[in-house]
Amino acid sequence: MNNIWYIIMIVIGFFMFIGGLSKSNFIIYRLLVARSEKLWGKNVHRFYQVAGILLMGFGILLTLGIIGK
């Protein structure tokens, strides 16, 4: 059951990375950017790229059982 949550974590990280890379106009990504832009300014898309990579990496490590045992 936990693997399902880890895979969802990977998908969300991928969504954040691709959204930041393409500066997406998808409604959920725009809402996230609007909230984060106050803190990150013009670097908000770079923040979502890095956060997405970290989230995907953490999800992959959990899925493979390398951490979290």
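Figure 1. His45 is buried, with a relative accessible area of 18%; buried means under 20% relative accessible area, exposed means over 50%, and partly exposed lies in between (1.4 Å probe, protein chains only). His45 lies in helix α3. Helices (H or I, at least four residues) and strands (E, at least two) are DSSP runs, numbered from the N terminus. Neighbours within four places in sequence aside, His45 is in contact with Gly20, Lys23, Tyr29 and Val33, where contact means heavy atoms within 4.5 Å. The model is predicted: local features need pLDDT of at least 70, side-chain atom pairs count only at pLDDT 80 or more, and totals for chains, interfaces and linings use all residues. Residues are numbered from 1 along each chain as its sequence is written, and side-chain values use heavy atoms, with hydrogens and water left out.

**Figure 2. The protein chain as a whole.** The protein chain has three helices and zero strands, and along the sequence its pattern is α-α-α. The C-alpha trace spans about 40 × 20 × 20 Å along its principal axes. Of the 69 residues in the chain, 28% are buried. The accessible surface comes to about 5200 Å², and 70% of this area belongs to carbon and sulfur atoms; accessible areas come from the Shrake-Rupley method with a 1.4 Å probe, and for residues only the protein chains shown count as cover. Among contacts between residues at least 6 apart in sequence, 59% join residues at least 24 apart.

Figure 3. Helix α1 covers residues 2–22, which is 21 residues. From its first C-alpha to its last, α1 reaches 31 Å, close to the 30 Å expected at 1.5 Å a residue; the expected span is 1.5 Å times one less than the number of residues. Tyr6, Met9, Gly13, Met16, Gly19 and Gly20 are buried in α1. Seen down the axis of α1, these buried residues fall within an arc of 150°, so they line one face of the helix. The arc is that of the directions from the helix axis to the C-beta atoms. An α-helix has 3.6 residues a turn, so residues three or four places apart point the same way. The buried residues of α1 pack against α2 and α3, while Val11 and Leu21 are exposed on the other side of α1.

**Figure 4. Met9 and its contacts.** Met9 lies in helix α1. Which residues does Met9 contact, leaving aside its neighbours within four places in sequence? They are Leu55, Phe58, Gly59 and Leu62. Met9 and Leu62 are 53 residues apart in sequence, and their C-alpha atoms are 9.8 Å apart in space.

**Figure 5. The loop residue Lys23.** Lys23 is found in the loop between α1 and α2, just after α1. Its phi is near 50°, a positive value in a residue other than glycine. Most residues other than glycine have a negative phi. Lys23 counts as exposed, at 53% relative accessibility.

**Figure 6. The largest nonpolar core.** Six residues make up this core: Met16, Tyr29, Val33, Val44, Tyr48 and Ala51. A nonpolar core is a set of buried Ala, Val, Leu, Ile, Met, Phe, Trp, Tyr and Cys residues joined through side-chain atoms within 4.5 Å. The elements that give two or more residues to the core are α2 (27–40) and α3 (44–64). The largest share, three residues, comes from α3. Residues up to four places away in sequence not counted, Tyr29 touches Phe15, Met16, Gly19, Gly20, Lys23, Ser24, His45 and Tyr48.

Figure 7. A search of the whole structure finds four aromatic pairs. Rings of Phe, Tyr and Trp (its six-membered ring) pair if their centres lie within 6.5 Å; planes under 30 degrees apart count as stacked, over 60 as edge-to-face and the rest as tilted. The rings of Trp40 and Phe47 have centres 4.6 Å apart and planes at 20°, so this pair is stacked. Between Phe47 and Tyr48 the centres are 5.1 Å apart and the planes are at 65°, so this pair is edge-to-face. Ring pairs link Tyr29, Trp40, Phe47 and Tyr48 into a cluster. Trp40 is partly exposed, with a relative accessible area of 38%, and Phe47 is also partly exposed, at 27%. Tyr48 is buried, with a relative accessible area of 5%.
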